[in-house]
Amino acid sequence: MEAIQTKNLNKTFKDKVAVDGLNLTVHRGELYTLLGVNGAGKTTAIRMLTCLARPTSGEAKVCGYDVISEREKVKERIGVSPQETSVAPNLTVKENLRFFADLTLPKAEREKAVGEMIELFRLGEFEKKKAKLLSGGWQRQLSIAMALIGKPQVLFLDEPTLGLDVIARRRLWEVVQSLKGKMTILLTTHYMEEAEVLSDRVGVLARGKLYTEGTVEEIETRTNSNSLEEAFVAITKEAEQ
């Protein structure tokens, strides 16, 4: 069973096609990165896979469960960190984590899980601080910790390092790398270096279509490029012609 599988997945908004016939397979334990310019359909695809938006047509399954007819089973198995940092601003770091632990874990496991997330994300010095007083980088890390605390089988990270400084970005890379192989991760990013460092495979979306996918090396070879950025630009230009 694949972790994520879509067949001819489509999403339209009035006269705009956001996702166009997406056929995507993400293997269990894999870190798969979706690349694309703004408006390429990355976030819309993730919203459908996480049951936040209903597909217009086509099929999508996560952990073998249909995102329309078995959405509760899908939601039980996923964690989501959206582009917009989703923390409760007036709760402390520890209260945010406890809230999500209460929603997703048996009572006996909650406190241990909160402690593990605080340790993994180095949040100890901030655990009694209200989330709204954290820097953007620490809020982002808290948001991902909240997505992880329920021990998801599939983790969706939508531009997790957007707007972070170099140090905060590298710190998050370390966390994500420590998770590889333990769960399936679907990542979106605008940072080519991030995709190169973290990804098992990469897919390039343009105008809602998946134009190519493979390892970074395979995509560079396919496009006769010397870097992922060069390959990405070439693919995107070709798609827009």
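Q: A nonpolar core is a set of buried (under 20% relative accessible area) Ala, Val, Leu, Ile, Met, Phe, Trp, Tyr and Cys residues joined through side-chain atoms within 4.5 Å; in the largest nonpolar core, which residues touch the most other members?
A: The model is predicted, so local features need pLDDT of at least 70 and side-chain atom pairs 80 or more, whereas totals for chains, interfaces and linings use all residues. Residues are numbered from 1 along each chain, and side-chain values use heavy atoms, without hydrogens or water. The largest core has 36 residues, and those that touch the most other members are Leu97, Phe121 and Leu142.

Q: Which element gives the most residues to this core?
A: Helices (DSSP H or I, at least four residues) and strands (E, at least two) are numbered from the N terminus. Contributors of at least two residues each include H3 (93-104), H4 (107-120), S8 (154-158) and S9 (184-188). With seven residues, the most is given by H5.

Q: Which helices each supply at least two residues of the negative patch?
A: Glu196, Glu217, Glu218, Glu229 and Glu230 form this patch, like charges being joined within 9 Å. Glu196 is found in helix H7 (192-198) and, at 35% relative accessibility, counts as partly exposed. The helices that each supply at least two residues are H8 (216-222) and H9 (228-240).

Note on methods:
Patches are made of residues with over 30% relative accessible area and no salt bridge: like charges are joined within 9 Å, nonpolar side chains (Val, Leu, Ile, Met, Phe, Trp, Tyr) within 5 Å. Accessible areas come from the Shrake-Rupley method with a 1.4 Å probe; for residues, only the protein chains shown count as cover. A salt bridge is a side-chain nitrogen of Lys or Arg within 4 Å of a carboxyl oxygen of Asp or Glu. Lys and Arg count as positive and Asp and Glu as negative; His and the chain ends are not counted. The place of a charge is taken as NZ of Lys, CZ of Arg, CG of Asp or CD of Glu. Buried means under 20% relative accessible area, exposed over 50%, partly exposed in between (1.4 Å probe, protein chains only).
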